[in-house]
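Please look over the sequence and the model below. A short report on helix packing and a few individual residues follows.

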Amino acid sequence: MTSIRPTWWFVSALIALLIAGCNPFSDAQPMMDEYVERVGRVLDAEPTFSEIRASEQIPRRRNRVLPMPDLELGMLDFLSLYSCELQYVVGEKNSVMGKVMQPLNRLRYEVRFIRTAGDCLNTIEDDELISILEQAVASKRESLPVAIWNATWGVKEVERLFTFAKGEYPVEAVDPLSDLARDARQLNNAVTELLQQNLEVDLGFWGKVHQRWQAEYRAGQLINSAHLVRTRLGDATRLIRQRLNGRPLCLNGKPNNQSDIVKSMFFSVYIGKIQPYLADLRRARTDLIEPLSKLAAMQNDVMPEHFQEWYRSTLALTGNESIWTNLDEAVATHTKSWQTLLEQCGLRPGV
């Protein structure tokens with residue numbers, strides 16, 4: 001008998017794992033598919049599954065990075081000879097490493113150049129040098145938005161944040177966005193200050209933001225979920241409308257056996273499973289997508305054309321092309337269809 005117990009324990013554990021693995025409500029894709037199946041089943045309708053629109057990839061880096069204007073070589077050489085701190089700043093740029101600066105380091109250089117040149121202007125008396133330095137500062141201030149763009153949307157790390165290879169946003173996710181949301185808000189505040197030519201902003205945190213983008217992929221998951229949910233809610237809505245256009249679920253507002261089954265499924269699955277996930281998506285969109293949308297929108301003046309198209313479809317929260325507008329419309333239409341159907345039985349839920 002003692003030798004049998006481990007076998008039974010193993011079998012029981014295996015069955016438990018299989019049951020857990022077969023739970024359709026543990027992941028977004030099977031959950032939404034199962035929901036459409038159940039709506040069709042309780043309404044005596046054959047479900048059809050529409051093709052889910054592929055998420056649009058963020059433009060390639062070569063289409064996101066803007067060319068960064070440089071000062072004329074003669075001007076740089078002249079400034080590098082002047083004996084103030086600016087000569088060291090210019091010297092770093094002219095070095096081998098300076099010629100291949102990553103976008104964030106280039107932004108730091110641009111800010112440091114402007115600040116240092118301003119300090120130098122207060123110490124010199126040579127009119128020719130003052131004129132050259134003022135021209136250099138004006139040029140750097142004018143091109144600063146380009147450096148800011150490249151250090152936000154031009155970095156390779158943002159591609160990982162928006163990758164679609166990690167599926168949909170998790171069901172019952174446990175606050176996975178707190179760090180990303182904080183980063184986005186901090187980045188927006190810094191970019192706002194820089195665009196207003198406030199160069200006293202501490203850029204020390206910026207590199208850590210890029211590191212987290214490299215390690216996370218939540219934005220891509222949210223976009224995948226937006227397409228999935230919108231499509232499957234549309235499939236379920238069509239089933240409900242088919243029933244509305246056919247025989248009534250209830251006659252004269254009197255419940256029956258089928259309406260009880262429909263009502264039970266509505267509360268146990270739509271209210272109990274689907275709506276909490278919709279709420280999670282809405283909360284995650286507010287925490288992450290909204291500040292990222294703002295980060296792009298505030299830089300609209302330098303936004304590349306390829307990126308503008310992607311922004312309108314993927315990041316913008318309004319507009320006919322926006323996946324978020326389309327998702328909201330799908331939720332609203334689905335909700336209204338349920339209300340109309342259940343109203344036939346004297347029940348109009350405030351979903």
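Where does Gln-197 lie? Gln-197 sits in the loop between H9 and helix H10 (206–215). Its phi is positive, about 65°, although Gln-197 is not a glycine.

**Basis.** This is a predicted model, in which local features need pLDDT of at least 70, side-chain atom pairs count only at pLDDT 80 or more, and totals for chains, interfaces and linings use all residues. Residues are numbered from 1 along each chain as its sequence is written, and side-chain values use heavy atoms, with hydrogens and water left out.

**Overall make-up.** The protein has 14 helices and 0 strands. Helices (H or I, at least four residues) and strands (E, at least two) are DSSP runs, numbered from the N terminus. Along the sequence the pattern reads α-α-α-α-α-α-α-α-α-α-α-α-α-α. Of the 351 residues in the protein, 45% are buried. Buried means under 20% relative accessible area, exposed means over 50%, and partly exposed lies in between (1.4 Å probe, protein chains only). Among contacts with a separation of 6 or more, 78% join residues 24 or more positions apart. A contact here means heavy atoms within 4.5 Å.

**Helix packing.** Two packed helices are described by the angle between their axes and the distance between the axes. Axes are lines fitted to C-alpha atoms, for helices over the stretch in contact, and angles run from 0 to 180 degrees between N-to-C directions.

Take H6 and H7 to begin with. Helix H6 (residues 103–121) packs on helix H7 (residues 127–152) at about 155°, with the axes 9 Å apart. H6 and H7 are therefore roughly antiparallel. Angles under 35 degrees count as roughly parallel, over 145 as roughly antiparallel, 65 to 115 as roughly perpendicular and the rest as oblique. The crossing of H6 and H7 is left-handed. A crossing is left-handed if the near helix is turned anticlockwise from the far one by less than a right angle, and right-handed if clockwise. The contact of H6 with H7 has 18 nonpolar, 2 polar and 5 charged residues. In these classes, Ala, Val, Leu, Ile, Met, Phe, Trp, Tyr, Cys and Pro count as nonpolar, Asp, Glu, Lys and Arg as charged, and the others, Gly among them, as polar.

H7 also meets helix H9 (residues 178–195). Their axes come within 10 Å and cross at roughly 165°. That makes H7 roughly antiparallel to H9. This crossing is right-handed. H7 contributes Leu-144, Pro-145, Ile-148 and Thr-152, while H9 contributes Leu-187, Val-191, Leu-194 and Leu-195. By class, the contact of H7 with H9 has 7 nonpolar, 1 polar and no charged residues.

Arg-285 is in helix H12 (residues 257–297). Its side chain makes a polar contact of 3.1 Å with the side chain of Asp-328. A polar contact is a pair of N or O atoms within 3.5 Å; within protein, one must be able to donate a hydrogen and the other to accept it, and residues adjacent in sequence count only if both atoms are side-chain atoms. Leaving out residues up to four places away in sequence, Arg-285 touches Leu-222, Glu-290, Leu-317, Trp-324 and Asp-328.

Gln-221 belongs to helix H11 (residues 218–244). Its side chain reaches the backbone oxygen of Lys-166 at 3.0 Å.

**Accessibility.** The table collects values for the residues discussed in this report.

| Residue | Relative accessible area | Class |
|---|---|---|
| Arg-285 | 4% | buried |
| Gln-221 | 4% | buried |
| Gly-118 | 27% | partly exposed |
| Gln-197 | 28% | partly exposed |
| Asp-119 | 51% | exposed |
| Glu-172 | 63% | exposed |

**Positive phi.** Most residues other than glycine have a negative phi, and most peptide bonds are trans. Glu-172 has a positive phi near 55° and is not glycine. Glu-172 is in the loop between helix H8 (157–161) and H9.

**Back to H6.** Gly-118 is found in helix H6. Its C-alpha atom is 8.5 Å from that of Leu-133, 15 residues apart along the chain. Asp-119 also lies in helix H6. Asp-119 and Leu-86 are 33 residues apart in sequence and 8.8 Å apart in space, C-alpha to C-alpha.
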